[in-house]
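Visitor: I would like to learn how to read a few features of a protein model. Please start with the terms.

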Amino acid sequence: MMERQSLIRLWSSFFYISTLFWMQVHSHSEYLIGLGSYDITGPAADVNMMGYADMAQVASGIHFRLRARTFIVSEPQGKRVVFVNIDACMASQIVTLKVIERLKARYGDLYTEKNVAISGIHTHAGPGGYLQYVVYIVTSLGFVRQSFDALVDGIENSIIQAHENLRPGSIFLNNGELLDAGVNRSPSAYLNNPSEERGEYKYDTDKEMTLLKFVDDQWGPVGSFNWFATHGTSMSRTNSLISGDNKGAAARLMEDWFEQREELVSDEIPRRVSSIIGNHQDSRKLASEELLEIASYFESQPGRPATRVSSAARRVRSALRKADKPGFVSAFCQTNCGDVSPNVLGAFCLDTGLRCDFNHSTCGGRNELCYGRGPGYPDEFESTRVIGERQFKKALDLFSKASEELQGKVDYRQVYVDFSQLNVTLSKKDGSSEVVRTCPAAMGFAFAAGTTDGPGAFDFTQGDDKGNPFWRMVRNFLKTPHKKQMDCHYPKPILLDTGEMTKPYAWAPSILSLQILRIGKLFILSVPGEFTTMAGRRLRDAVKTQLKRSGDKELSGEIHVVIAGLANGYSQYVTTFEEYQVQRYEGASTLFGPHTLSGYIQEFKKLSKSLVLGRNVQPGPQPPNLLDKQVSFLTPVVMDTATGGDSFGDVISDVPKNLSVKRGSDQVTVVFQSACPRNDLMTEGTFALVERLEREDKTWTPVYDDDDLCLRFKWSRHKKFSSRSQATIEWRIPESASPGVYRITHFGAAKKLFGSVQHFTGSSSAFVVT
């Protein structure tokens with residue numbers, strides 16, 4: 001182990017020296033760069049999670065926290081672009097509009113809808129209710145103001161941080177293949193693409209990760225953002241803990257790695273080290289008997305009043321961060337993940353253990369038992385960690401070897417397009433053309449079948465291009481699609497005619513934001529949906545071709561085009577025309593009909609042409625702002641009560657007396673008298689904390705909190721509508737934990753009958769880790 005420690009120190013020192021060399025060589029940077037990060041976790045109780053559309057999946061705790069991560073790149077006296085990556089299922093049009101409104105109030109026209117992009121990682125384990133169209137907030141019982149506010153506030157604060165951190169710096173780009181973090185979950189649809197086109201690619205999913213490395217002229221590396229396609233569905237629909245899924249986990253690992261690398265370089269002993277790095281404190285460990293004797297003096301602390309700032313002040317990463325240096329920000333962004341699953345072992349039937357039907361993903365003709373398996377099967381938390389770790393390791397490799405420096409213009413173009421009635425010109429092989437049209441939004445029968453990541457219910461199946469009489473009757477009760485609409489969407493049999501449903505307000509979007517951000521030879525295409533693998537390839541290739549034709553001398557050589565998925569709004573899926581014909585889930589969820597992708601390609605070619613030629617574009621029709629029309633049926637928190645004689649924060653179930661546990665294998669669980677987490681979201685704070693006793697001064701040092709993958713905060717009511725609740729905190733002791741005396745602490749906030757909130761805290765008895 002000491003040899004491994006020495007190798008890590010040697011590698012980190014080499015990395016440090018290389019960074020100093022870079023800083024000397026690139027001290028006259030042509031860009032200003034700034035990065036920021038802020039908590040967007042939101043309500044950890046009672047709120048339906050966004051992604052699986054399962055009303056039973058309601059938040060009840062935290063796996064680890066969600067964040068908004070931002071970079072700003074600016075020419076010193078010129079244009080600038082902003083990219084925000086959010087640990088949310090997708091961006092929201094109404095959230096984007098509100099953020100832009102706030103930025104304009106603060107900065108004027110410096111940041112607008114034209115140069116600010118907001119993209120979601122597509123976790124299916126974050127609070128829902130923050131989109132403005134009816135179909136996306138049905139399962140969350142309408143609009144959830146806390147979810148909305150947490151996102152708007154967090155995104156705004158991350159941008160403010162990035163703006164205030166703007167300093168001269170350089171950007172380096174690198175890309176490489178990651179082969180084992182995603183598989184195609186709709187291969188039968190992919191195979192419907194032309195064989196000649198498929199033959200141009202080695203894989204049926206995109207395996208390339210593209211990474212940006214941000215280097216401050218003074219401080220050295222300050223962050224990285226990368227794009228890679230895989231769904232945020234390592235956590236299943238049975239999970240109820242808020243989680244950034246595999247991409248959020250990768251970001252947490254990367255950021256922690258950098259902070260700990262700096263501690264290793266400075267020859268300090270890190271207080272907490274990722275198990276991937278595998279460091280351990282060495283020697284001078286107290287004997288287990290002596291540690292147990294020390295621990296025996298620290299019994300559980302009864303619940304007591306606390307302040308709101310006490311939680312934030314004890315947060316681990318706040319304590320580790322250097323006040324005079326910006327924190328390292330690492331984002332793992334989403335791209336064309338539409339048909340890409342992280343459940344890489346494949347889809348199997350729960351009843352037989354056999355593989356699901358290839359064409360329809362069914363078991364015995366039904367879809368409910370067909371589930372994809374992640375690499376940690378049957379443990380979804382382990383699958384999340386593994387897929388996250390694989391992305392982290394690839395990003396670390398690209399980060400350490402990034403050498404292509406971005407240089408050149410910073411620019412952008414953005415337009416709103418009405419996809420419900422877009423004329424699209426298609427070229428034919430004989431050189432002629434025809435004009436087709438997109439359709440008002442509608443969802444097909446196979447939409448209700450779900451996917452192998454989260455199958456639907458009843459008797460819906462993927463690949464259904466017919467529908468059935470019973471569900472047509474149910475559909476017609478809501479809205480009967482007219483013949484023109486059905487012909488436009490053919491061969492999709494319409495289940496929900498969402499684009500023509502307007503009561504109590506619009507059910508689906510029609511006006512979408514399309515956007516290109518340029519940094520030198522890098523072009524980021526912000527799309528408000530989930531493109532499949534081949535759809536994304538066609539869009540990227542079309543834009544590349546258009547850019548090459550421009551004659552711009554700066555664009556000689558290789559051009560980098562990445563798709564930022566689920567950006568600035570959400571309109572579900574985009575498949576190729578051929579995949580649409582198969583009507584699997586992705587095709588049934590392509591809202592605007594079979595020519596949706598052609599519409600995107602046409603409009604992005606226009607945008608890219610105007611960008612390189614320096615031409616302005618007309619803004620297009622403005623999307624609606626439906627914030628004032630939103631309704632909510634989520635029951636508010638009325639009050640919290642404690643069990644007779646107990647106080648909030650009291651320990652209900654403590655650690656056993658004289659408990660000694662081992663690193664890497666054991667778990668410690670403590671249960672506290674608690675209150676609803678919706679009373680205070682503990683933004684930039686924590687509900688749970690693991691503290692280690694410092695022997696010298698008998699103080700407790702925070703070492704893990706609810707933003708660590710090894711610590712889980714679980715909340716539950718005694719009964720469904722009870723005012724009494726409890727918090728269960730589970731610490732799976734990592735191999736990297738230092739031997740010593742520990743305790744577990746809980747922070748919370750209880751609501752009184754007449755609305756005031758009292759913060760509280762409590763701690764377990766001490767125990768020993770060896």
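Guide: Helices (H or I, at least four residues) and strands (E, at least two) are DSSP runs, numbered from the N terminus. Residues are numbered from 1 along each chain as its sequence is written. This is a predicted model, in which local features need pLDDT of at least 70, side-chain atom pairs count only at pLDDT 80 or more, and totals for chains, interfaces and linings use all residues, while side-chain values use heavy atoms, with hydrogens and water left out.

Visitor: Which residue other than glycine has a positive phi?

Guide: Most residues other than glycine have a negative phi, and most peptide bonds are trans. Here Asp46 has a phi near 70 degrees, a positive value. Asp46 is placed in strand 2.

Visitor: Where are cis peptide bonds found?

Guide: One joins Tyr490 and Pro491, with omega about 5 degrees. Pro491 is in the loop between helix 12 (483-489) and strand 24. Another joins Lys503 and Pro504, with omega about 0 degrees. Pro504 lies in the loop between strand 24 and strand 25 (511-519).

Visitor: How do I read the packing of helix 13 and helix 16?

Guide: Two packed helices are described by the angle between their axes and the distance between the axes. Axes are lines fitted to C-alpha atoms, for helices over the stretch in contact, and angles run from 0 to 180 degrees between N-to-C directions. Helix 13 (residues 533-548) and helix 16 (residues 596-613) pack at about 30 degrees, with their axes 9 Å apart. Angles under 35 degrees count as roughly parallel, over 145 as roughly antiparallel, 65 to 115 as roughly perpendicular and the rest as oblique. Helix 13 and helix 16 are therefore roughly parallel to each other.

Visitor: Which residues make the contact between helix 13 and helix 16?

Guide: Contact means heavy atoms within 4.5 Å. Among the residues that make it are Ala535, Arg538 and Leu539 of helix 13 and Leu597, Tyr600 and Ile601 of helix 16.

Visitor: What classes of residue does that contact have?

Guide: Ala, Val, Leu, Ile, Met, Phe, Trp, Tyr, Cys and Pro count as nonpolar, Asp, Glu, Lys and Arg as charged, and the others, Gly among them, as polar. By class, the contact of helix 13 with helix 16 has ten nonpolar, two polar and three charged residues.
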